[in-house]
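The following exercises ask the student to read contacts and pairing from a structure. Each task is followed by a worked solution.

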Amino acid sequence: MTHGAIQLDAVIFGGGIAGLWTLDELVRSGRSCVLIERDALGEGQTIWSQGIIHGGLKYTLDGLLTGSARAIRDMPAIWRACLTGEREPNLSRAPVRSEHCWLWRTDSLRSRAGMIGARVGLRTPMRTVEVDARPRALRDCPGTVAQLDEQVIDTRAVLGAFLRTHQDCIVSAPTDDPARIERIGTGATIALADGAVTLQPERVIFAAGGGNEALRASVGLETGRMQVRDLHMVLVRGDLPELFGHCVDGARTRATITSARTDKCDVVWQVGGEIAERGVSMSPDALIAQAQRELSVVLPGVDLSAAQWATYRAPRAEGVTAGGKRPEDVVVMDEPPFVTVWPTKLALAPRVAALVAAALPAPLQLGDAAANLAQMARPRLAAPPWECAEWRSLTASG
Ligand SMILES: Cc1cc2nc3c(=O)[nH]c(=O)nc-3n(C[C@H](O)[C@H](O)[C@H](O)COP(=O)(O)OP(=O)(O)OC[C@H]3O[C@@H](n4cnc5c(N)ncnc54)[C@H](O)[C@@H]3O)c2cc1C
């Protein structure tokens, strides 16, 4: 271990999508950086997420081009270029779960209106498809089924791609031996590994999702700048068709379904949208019974009688808004030497990283700090929610 303080341009707290993308952006701009993770990389929102690279569809369902839709509509092209390796960060080693999402509706009138609204102001084109070109799960759905150019990423594989590229400058600081931050003049010092390593960055970036509030409090920054909006997600596992997309009803997303393959090659559906929002006040059993009923309406003709079910609670940490609504854009608070970020959506991580890089002073040309950190422990990747879920089989719908 080193004895002198290691000078750096920036230290980032939190290895979810926001912290990792920001690390990549800062390193590429010639800055010397270290990322500190408390637990596993992506533990929390990034690994819980459905991995949809939204292009703004969800925010145009009422036919209005909202601020959220404007902020997010350039993101799919950026992600697509990174996932094919045509742009940095090169994420070409992370397989994409789906190149497209489907958009469909139930037979309700409100649902028909949502499909029309979604056509307005989108940069991601939407194509209606003939019945025989639909995915198996949507063959029996009433009305139009459309295909959207919204990719669905494998979030764990993307976290892994960042880890491979930057493993030298990503370190662990577990809860039983946390990093201790002290504000010194215009900068800060950070003590790691029980004081054996001291970092001296010009800037400290809090990208710790739900952990940001405690980090801010620890350095005397104003608290109350974060809000938490809960979700109670449903998981369905078994011999299921792969499905990616949104069932819309008016301006609401009635259900958003994405698929992943488990180690045993079963398909797992992550079910979000309104089901998960309404499920917040329900017990897991009540939510599963409700989800069974909903999915029989949303996906007529799909037999889920042999499926297994589980749920997980997933709080979304965001910058605070009046009325507790979702922020329209990313939140980046520059309070030198600290910067606090909440990306609002995984898809907006490139925007967070670009804004942080623009807020930071020019690189100090300090060289590579990694050699000084060779003996530090490294974080693992977080496990997806279906690996930790309590699965149950149901014989009859509740
Ligand atoms: C169920 C669900 C589904 C979603 N689906 C989508 C989707 O399909 N598309 C989309 O664009 N967005 C989606 N989102 C939103 C998206 O997941 C989040 O906006 C995004 O992942 C937030 O990333 P983050 O890096 O800010 O936070 P996180 O992913 O929460 O990462 C924070 C990291 O900081 C670490 N940490 C915490 N405290 C400390 C500390 N003191 N020191 C060091 N490290 C610390 C944590 O262990 C973690 O690794 C979804 C969210 C949820 C909950």
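**Exercise 1.** Determine which residues of H1 and H6 meet, and describe the contact.

*Solution.* Step 1: Leu 20, Leu 23, Asp 24 and Val 27 in H1 meet Leu 159, Phe 162, Thr 165 and His 166 in H6; contact requires C-beta atoms, placed from the backbone, within 7 Å. Helices are DSSP runs (H or I, at least four residues) and strands are runs of E (at least two), numbered from the N terminus.

Step 2: by class, this contact has five nonpolar, two polar and one charged residues. Ala, Val, Leu, Ile, Met, Phe, Trp, Tyr, Cys and Pro count as nonpolar, Asp, Glu, Lys and Arg as charged, and the others, Gly among them, as polar.

The model is predicted: local features need pLDDT of at least 70, side-chain atom pairs count only at pLDDT 80 or more, and totals for chains, interfaces and linings use all residues. Residues are numbered from 1 along each chain as its sequence is written.

**Exercise 2.** Describe the shell around the ligand.

*Solution.* Step 1: the ligand is surrounded by 40 residues, a residue being near if its C-beta atom, placed from the backbone, lies within 6 Å. Among the closest are Gly 14 and Gly 209.

Step 2: the shell comprises 17 nonpolar, 17 polar and six charged residues.

Step 3: H1, E2 and H2 each supply at least two residues of this shell.

**Exercise 3.** How do E13 and E17 pair?

*Solution.* Step 1: E13 (residues 232–238) and E17 (residues 308–313) pair in the antiparallel sense over six bridges; pairing requires at least two DSSP bridges.

Step 2: Val 236 has Trp 309 in E17 as its bridge partner.

Note on methods
Contact = placed C-beta atoms within 7 Å.
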